[in-house]
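Subject: Structure for your review

Dear colleague,

Please find below the structure that I am handing over to you. My findings follow it, arranged by topic.

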Amino acid sequence: MPVEALSLVPKAEVPLSVRDFKSGQDVRWCPGCGDYAVLAAVQGFLPELGLARENIVFVSGIGCSSRFPYYMNTYGMHSIHGRAPAIATGLATSRRDLSVWVVTGDGDALSIGGNHLIHALRRNVNLKILLFNNRIYGLTKGQYSPTSEVGKVTKSTPMGSLDAPFNPVSLAIGAEASFVARTIDSDRAHLTDVLRQAAAHPGTALVEIYQNCNIFNDGAFDALKDRGRAEEAVIRLEHGRQIRCGADRSQGVVRDASTGELKVVAVTPENEARVLVHDAHHTNPTTAFALSRLADPDTLHRTPVGVFRSVDRPVYDALMSDQLETAVEQHGKGDLATLLTGNDTWTVETS
């Protein structure tokens, strides 16, 4: 059985508060940016973990969200574009006494950083990846991003984007991620609950956070935030409960008998038994992937939020540590100098 994700991380000697996780840096995002809400939620729940601040690390790439480490009173690194998962992998595998978090954006993670992201997910390194998705490049002033919808008019696509966007949750499930979730910046309670579950998960946990950029893509997620529309648009996934939405949970998700696809129907006494019960722990990712494809990519109608998948898989850090211990037991400690000057060397003579 896997160990608890935080079991090797030293506990704080005294209880910590929200204030203890706030750095002395002035928070500099545009007024009204959704990043403020995410920062407050993270700072608010970290004291619950009871971990020593010096054993928590935030690693970021490049983008608006990547200023995150400056505002956390923990260790951190503002790294290079798209490479945060790679740097965090090295840190997590070499220092298993650390709680390592990656903060990235849709452009940083899914464009130049795409390969680093998917390989961290498939390896199941003990990382917690917060992917801020505002469907736009904010730091560089409003170009379309890998999650922008088709036809998106921006500075770099004045006639509309031709690219089909990534679905980060689908991508993560396809990469065999062991924990995949989605939440919304303005829903503090839901965001905090998802963060708690991610923190407790052994292995890589990816949390996509729909985040509003009120300067370059304002209102991108209004359909999911407006009280009048959200009741119909949002599907809240809760493990062990039927997947329902709408007023009084009057609609439910069923599997089409002929195509096998998922669809939303009005629940009646005749079809109630067909409504799917969410199983986030199912080892087969088929239904989780189908749920990730349920939302309309343009209107976001029928968007599931919550934990799509949370399964036990061997954690890369532990596997690597065990392998190194076995190697030392069988062959003794290695000698770097001997390795560098071994038989596979050449002498180059110049005339």
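The crossing of helices α1 and α6 is right-handed. Please bear in mind throughout that this is a predicted model.

Helix α1 and helix α6

Helix α1 covers residues 35-49 and helix α6 covers residues 188-200; the two pack with their axes 10 Å apart, at an angle of about 50°. At that angle, α1 is oblique to α6. On the side of α1, the contact involves Ala 37, Val 38, Ala 40, Ala 41, Val 42, Gly 44, Phe 45, Glu 48 and Leu 49. These meet Arg 188, Leu 191, Thr 192, Leu 195, Arg 196 and Ala 199 in α6.

Arg 83 belongs to the loop between β2 (75-78) and α2. Its relative accessibility is 29%, so Arg 83 counts as partly exposed. Arg 83 and Asn 115 are 32 residues apart along the chain, and their C-alpha atoms are separated by 9.3 Å.

The nonpolar cores

In soluble globular proteins, nonpolar side chains tend to be buried together. In this model, the largest nonpolar core has 36 residues. Which of its members touch the most other members? They are Leu 117, Leu 121, Leu 127, Leu 206, Val 253 and Leu 291. Apart from this core lies another, of 33 residues, which includes Phe 21, Cys 33, Ala 181 and Ala 280.

When residues up to four places away in sequence are not counted, Leu 127 touches Pro 85, Ala 88, Thr 89, Ala 92, Val 100, Ala 120, Gly 203, Thr 204 and Ala 205.

Two residues with positive phi

Asn 124 lies in the loop between α4 (114-123) and β4 (127-133). Although Asn 124 is not a glycine, its phi is positive, near 65°. Is Asn 124 buried or exposed? Its relative accessible area is 0%, so Asn 124 is buried.

Lys 141, which is likewise not a glycine, has a positive phi of about 80°. Its place is in the loop between β4 and α5 (168-174). With a relative accessible area of 43%, Lys 141 is partly exposed.

A loop glycine

Finally, Gly 332 is located in the loop between α10 (316-331) and α11 (336-340). Gly 332 is partly exposed, its relative accessible area being 32%. Between Gly 332 and Leu 46 there are 40 Å in space, C-alpha to C-alpha, and the two are 286 residues apart in sequence.

With kind regards

How values were computed. Residues numbered from 1 in each chain as written. Predicted model: local features only at pLDDT ≥ 70, side-chain atom pairs only at ≥ 80, totals over all residues. Heavy atoms only, no water. Axes fitted to C-alpha atoms, helices over the stretch in contact; angles between N-to-C directions. Helix = DSSP H or I, 4+ residues; strand = E, 2+ residues; numbered from the N terminus. Parallel < 35°, antiparallel > 145°, perpendicular 65-115°, else oblique. Left-handed = near helix turned anticlockwise from the far one by under 90°. Contact = heavy atoms within 4.5 Å. Core = buried A, V, L, I, M, F, W, Y, C linked by side-chain atoms within 4.5 Å. Buried < 20%, exposed > 50% of the residue type's maximum accessible area, 1.4 Å probe, protein only.
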